[in-house]
Amino acid sequence: SQSRYEQLDHITAQQIMSPNPLTLDYKDMATAAAELMQEKKISQVIICENYQYFGIVHIHDLNSEGIL
C-alpha cells in the first residue's frame, strides 16, 4: 500500500499520533474497554488513575483473557 508520506524515514511520531486518545479509569471493568474499542473501532485504550497515565489495554489483552 502507498503511504501519503513520500519519505517514510522522515515521519515523526507526532505526525501520526492520536493527540486526544480515548481513556478509561483504572477501576473500570475490562468489558468497558472492550465495548469502547468495538464502538470506536480502535485497538487500544489508555488507562488512567486520577488523569495520570497508568497503562494500556490492547485488543490482544482482551482476546488472551477471553473477553473478546
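Asp25 has Cys48 of strand E2 opposite it in this predicted model. The strands E1 and E2 are paired in the parallel sense, with 3 bridges between them. On the pairing of E2 with E3, the sense is antiparallel and 6 bridges join the two strands; Val45 has Val57 in E3 as its bridge partner. The two pairings are set out below.

| Strand pair | Sense | Bridges |
|---|---|---|
| E1 and E2 | parallel | 3 bridges |
| E2 and E3 | antiparallel | 6 bridges |

The strands E2 and E3 also form a hairpin, in which 2 residues lie between them. Within the turn, Asn50 has a positive phi of about 50°.

Taken together, the 3 strands make an open sheet in the order E1-E2-E3, and its pairing is mixed. Strand E1 (23-25) and strand E3 (52-58) each have a single partner strand and stand at the edges, so one side of each is left without a neighbour in the sheet. On average, neighbouring strands of this sheet are turned by 35° against each other, with direction ignored. Helix H2, formed by residues 30-40, lies across E1, E2 and E3. Relative to E2, helix H2 runs at about 135°.

The next topic is the largest pocket. It holds about 210 Å³ of space. Its lining consists of Ser18, Asn20, Pro21, Leu22, Ile42, Ser43, Gln44, Val45, Ile46 and Ile56. Which strand gives the largest share of this lining? That share, 3 residues, comes from strand E2, which spans residues 44-49.

Along the sequence they follow the pattern α-β-α-β-β-α. The chain has a radius of gyration of 15 Å, well over the 11 Å given by the globule rule for 68 residues, so the chain is more spread out than a compact globule. Along the principal axes, the C-alpha atoms fill a box of roughly 40 × 30 × 20 Å.

Definitions and conventions:
Residues are numbered from 1 along each chain as its sequence is written. This is a predicted model: local features need pLDDT of at least 70, side-chain atom pairs count only at pLDDT 80 or more; totals for chains, interfaces and linings use all residues. Side-chain values use heavy atoms; hydrogens and water are left out. On a 1 Å grid over the protein atoms alone, a cavity is a set of points where a 1.4 Å probe fits but cannot get out, and a pocket is an open set with protein on both sides within 12 Å along at least five of seven lines; lining residues have an atom within 4 Å of a point. Grid points are joined across faces, edges and corners, and a volume is the space filled by probe spheres set on the points. Helices (H or I, at least four residues) and strands (E, at least two) are DSSP runs, numbered from the N terminus. Two strands pair if DSSP finds at least two bridges between them. Axes are lines fitted to C-alpha atoms, for helices over the stretch in contact, and angles run from 0 to 180 degrees between N-to-C directions. Contact means heavy atoms within 4.5 Å. The radius of gyration is taken over C-alpha atoms; the globule rule is 2.2 Å times the number of residues to the power 0.38.
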